[in-house]
Amino acid sequence: MTVSEQEYVYYHAGGLRGSRPVLRGSAAKETFDSIPIIDVSGLFSTDIEKRKDVATKIGKACREVGFFYAENHDIPDAVIEETFKTVKKFFAMPQEDKMEVHLHKNAALRGYEPLFETKMEGIGRGDMKEAFSMGDDPCEPEQNSSTPPPSSAPQNSWPKAYPSFRPKVYDYYIHVLAFARKLMQAFALALDLPEHYFDEATSFPMVGVRILHYPPQERHEATDIGLGAHTDYTFFTLVQQESVAALQVLNANGIWIDAPPKPRTYVVNVGDFLSLITNGTFKSTVHRVLNRSGEERYSIPFFFSPNKEATLDVVPTCKKEGDVEKGVNAGQYYMERLRAARWKHPSNEGKPAPEVQDIATGEVRVGA
Ligand SMILES: O=C(O)CCC(=O)C(=O)O
Ligand SMILES: [Fe+2]
């Protein structure tokens, strides 16, 4: 095969542009071609051996794939169903009611983002999704922070036109946060660390609920994308998808593996923070959303990351000889990544527009 015939996949990983050759036939490496399903019910057992059994499976999935489906979690169906109803009602509001809480009006980059506002990849129109995000804020009583700051601007923006939105989103938030904490303990066990190893670094974690609406894509090419190929800047992410398949995960051969919704499961994926502190042992795997279904798609990622103040260093069980301590400040890194993808936010004023890359051809240009 000549160089010019080599096909590549382009993406953003760890905030940097990357590419991967598409390997087929005899050139293909050993890699995953499906997403493992893990029964996580043992995590709720009082028997540590049962918890460790689940953690071992989680560890294998994180090392080999970076993604898994968690089945038999403890979040009631009714909570998830009610949340999707809420999500649909939010997106069905008149545009001006959504724009009232536009993310550009919020210093913490929370709130509503209309269609095509982010451009993870692609010289096309941008990401074909609208979103609303909320997250950790010690000032909001629903979050039961033991140490609210004496005074601080609210971090979240809530739509006035939909008063019951906030309590409904919080109902989801509280449930998923508890499950995420359980998973964090399982990740510790999976790394041969004490179960509560991460408790201190996640005492008031950076978390976010992002609700997403992907209209059906008119064009069926990768240049018309729901959400460009990326990795998450989290410890891990818990994605609840409704019924429409569109999420895809990139394997080592540059092949997109479908991660369709499976009833009563969460898609769990390792993010860049967990990859960083495990020296890359746990994979923060590239993924994207392409909604070719012809239907409206709704999904709800829940992002779980360390405390803002936490310093990220490689955990003792993953250290290698000669490693230099990374000492990354979690909060700073998180905000940099969040801002980089939203360069029109007022906090980026004066900074040059970032470069974007055509996901089909690899061509790079200054973003518009
Ligand atoms: O919509 C999805 O299924 C995934 C969304 C996602 O990857 C993200 O928001 O980081
Ligand atoms: Fe993601």
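Strand E9 pairs with strand E12 (residues 265–270) in the antiparallel sense, over four bridges. Two strands are said to pair if DSSP finds at least two bridges between them. Helices (H or I, at least four residues) and strands (E, at least two) are DSSP runs, numbered from the N terminus.

Before I continue, a word on the model. It is predicted, so local features need pLDDT of at least 70 and side-chain atom pairs count only at pLDDT 80 or more, while totals for chains, interfaces and linings use all residues. Residues are numbered from 1 along each chain as its sequence is written, and chains are lettered from A and ligands numbered from 1 in the order in which they are written.

Let me return to E9.

Is E9, residues 236–241, mostly covered or uncovered? Six of its six residues are buried, so the strand is mostly covered. By buried I mean that 20 or more other C-beta atoms lie within 10 Å of the residue's own; exposed means 12 or fewer, and partly exposed is in between, with C-beta atoms placed from the backbone. In a regular strand, side chains alternate between the two faces of the sheet. For E9, one side carries Phe-236, Leu-238 and Gln-240, the other carries Thr-237, Val-239 and Gln-241, and both faces are covered.

The expected span is 1.5 Å times one less than the number of residues. The buried residues of H1 are Arg-51, Val-54, Ala-55, Ile-58, Gly-59, Ala-61 and Cys-62. Seen down the axis, they fall within an arc of 165 degrees, so they line one face of the helix. The arc is that of the directions from the helix axis to the C-beta atoms. Their cover includes strand E3 (37–39), strand E4 (67–71), H4 and E12. Just after H1, Gly-66 takes a positive phi of about 85 degrees.

How do H1 (residues 48–64) and H4 cross? Their axes come within 8 Å and cross at roughly 80 degrees. That makes H1 roughly perpendicular to H4. Here, angles under 35 degrees count as roughly parallel, over 145 as roughly antiparallel, 65 to 115 as roughly perpendicular and the rest as oblique. Axes are lines fitted to C-alpha atoms, for helices over the stretch in contact, and angles run from 0 to 180 degrees between N-to-C directions. On the H1 side, the residues making the contact include Arg-51, Val-54, Ala-55 and Ile-58; on the H4 side they are Ala-186, Phe-187, Leu-189 and Ala-190. Two residues are in contact if their C-beta atoms, placed from the backbone, lie within 7 Å.

Next is H2, residues 77–91. This helix has 15 residues and reaches 21 Å from its first C-alpha to its last, close to the 21 Å expected. Which residues of H2 are buried? They are Thr-83, Thr-86, Val-87 and Phe-90. These cover an arc of only 100 degrees around the axis, which puts them on the same side of H2. They pack against strand E6 (130–135), helix H4 (165–190), strand E7 (205–214) and strand E14 (297–307). The face turned away from that buried side carries the exposed residues Asp-77, Ala-78, Glu-81 and Lys-85.

Finally, I would draw attention to some loop residues. Phe-116, in the loop between strand E5 (111–113) and E6, has a phi near 65 degrees, a positive value in a residue other than glycine. Phe-116 is partly exposed, with 13 other C-beta atoms within 10 Å. Asp-192, in the loop between H4 and E7, likewise has a positive phi, near 60 degrees. Asp-192 is partly exposed, with 13 other C-beta atoms within 10 Å.

Glu-295 lies in the loop between strand E13 (287–289) and E14. Leaving aside residues up to four places away in sequence, Glu-295 touches Pro-216 and Val-244. The C-alpha atoms of Glu-295 and Ser-347 are separated by 35 Å, and these residues are 52 apart along the chain. Ser-347 itself is in the loop between helix H6 (330–340) and strand E17 (355–357).
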